[in-house]
Amino acid sequence: MFGVKKNDAVVPISETAKSKESMTMLKKNQSTIKDIIAPGGIDASYTNHIGIMSSRNRYARSMLVSTLPRMCTFPEFLRGMYTFGDINVSVFIAPVNESTSQTDLNRTINELESERIVAQDRGDINRERIILQKRMEAEELRDTIAAGLNRLFSSTIVATLFAYSMEELDKYTELLSNEMAKNLIDIKPAWAMQDAAFRTNMPYNDNKLSKSHTFDRRAMSTVFPFFTSDIGHDGGIPLGFNKQTGLPILYDNFSPKLSNYNMVIFGKSGAGKSVTVKMLSARSSILMGIDSLALDAEGEYAIVAESLGGVNVVISPNSNTIINIFDIEPETVKDEITGKERTMLNVENKVEDVTQRFTYNG
C-alpha cells in the first residue's frame, strides 16, 4: 500500500508530457534502413571468406588487385570485373602530392639506373634494355608532372564476390581470376583481411586496406565505368542480353530519347562490327519496316539484301548502271524575302560541282 500525506501536493501529468512519452516509445519501435537491409548476422572468423547469416545463408570473398599491366586500356581494363555478375567493386582514388611524387620518381630513377649498371656489368643485354626503357618512362613521367601536364594518384581496387555455397564461391573466384588474367591483371583474395576488405567495399567511403597502386592521370581515367546496367529502349529490335541483369536489350534508332539518329560502331578486327550492322538492318526491316541503304564496297551485304527482298545495284566499269555526274534535277527552294517556295534549276552550282570533280590539285 502506498499513501499520500495530506501535506504533499499532487501534480497531475499534462497531456503534452503523455504525448511526448508516447512519441518516444513509437520512435524506439521504428525500423531504420539498417534494420531493413542488414542480415541476421555476419561470421568474420574465416580467413578467406565471410559468412552472411540470413533466411538463406550467403558467402562473400573479397579480393584485391595485386598486379597491373604496363598499359591500361579503356574500356577493357576493369570491364570484366564490373560486369562479372554478383559482385561489388570499389575503387579508392587519392591524389599524390607533387613534391612526394617527384621525390619517389627520382628515387625510382636512381634505383633503375643502379640496376642497369649491374646488368651491364654482367652482360645481361635483355635486362639492361628493359631497365633502360623503364628509366626513360620514369623520367618522362617526372618531367610531365613537373610541367603540370600529368599527376600521380594512389588507388586501391577491391572486389567482393557473393555466392550461396562455398562450391559456387570457389568456382566464381576462379572464373573471375581467369577473366582478369586476359588483361594481365592478377587478383588475389584478401587473406586474413576479409573483415577489413568487406567493410572497405561497403558504401562508407572508408578504405581500411593499405594495398594500393600508383596511376598517372591517363591510366587513372581508364578505371571509370562509363556505362550503366540500364541500357536500351522501351521498344525496338532485340540486340542481345544484358550480362548484369539478364534482361533483353532493345534498340530503337529513331527513339525520341535520342538527340539524333546517328550511330557509330567501333571494334577491333573480327569483333563483329559487320555482323552487328547486318543484324540491325535485317531486324529493322522485318520488325519495324525500316529500309536501309548500304554503300557496299566489298559486296558483303548482297546476300542480306536478296534475303530481305531488296535490290542490289552494282556500279562498276563493266555494269550497265552508272552515276551521271552531269545529271541535274529541279530543286524546291524557299525565298528568303517572300518566304514562298519555288522550283528552280541551279545550273551554276551544278557546273561548279562538276568542275571540282575534274580539277586536279597537283
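Glutamate 179 and lysine 182 form a salt bridge, in which the closest N and O atoms are 3.3 Å apart. The structure, which is a predicted model, holds 15 salt bridges. Side chains of opposite charge can pair when their charged atoms come close.

**The pair of glutamate 179 and lysine 182**
- Glutamate 179 is partly exposed, with a relative accessible area of 29%, whereas lysine 182, at 62% relative accessibility, counts as exposed.

- A salt bridge brings together the side chains of arginine 61 and aspartate 170, with a distance of 3.0 Å from N to O.
- Because arginine 61 lies in strand S3 (residues 58-67) and aspartate 170 lies in helix H6 (residues 166-181), this pair ties together parts that are 109 residues apart in sequence.
- Arginine 61 has a relative accessibility of 5% and therefore counts as buried, the limit for that word being under 20%, while aspartate 170 is partly exposed at 40%.

**The pair of arginine 70 and glutamate 137**
- The side chains of arginine 70 and glutamate 137 also meet in a salt bridge, at 2.4 Å from N to O.
- This pair links distant parts of the chain, with arginine 70 in the loop between S3 and helix H3 (79-82) and glutamate 137 in helix H5 (residues 125-146), 67 residues apart.
- Arginine 70 counts as exposed at 58% relative accessibility, whereas glutamate 137, at 32%, counts as partly exposed.

Terms used:
Residues are numbered from 1 along each chain as its sequence is written. This is a predicted model: local features need pLDDT of at least 70, side-chain atom pairs count only at pLDDT 80 or more; totals for chains, interfaces and linings use all residues. Side-chain values use heavy atoms; hydrogens and water are left out. A salt bridge is a side-chain nitrogen of Lys or Arg within 4 Å of a carboxyl oxygen of Asp or Glu. Helices (H or I, at least four residues) and strands (E, at least two) are DSSP runs, numbered from the N terminus. Buried means under 20% relative accessible area, exposed over 50%, partly exposed in between (1.4 Å probe, protein chains only).
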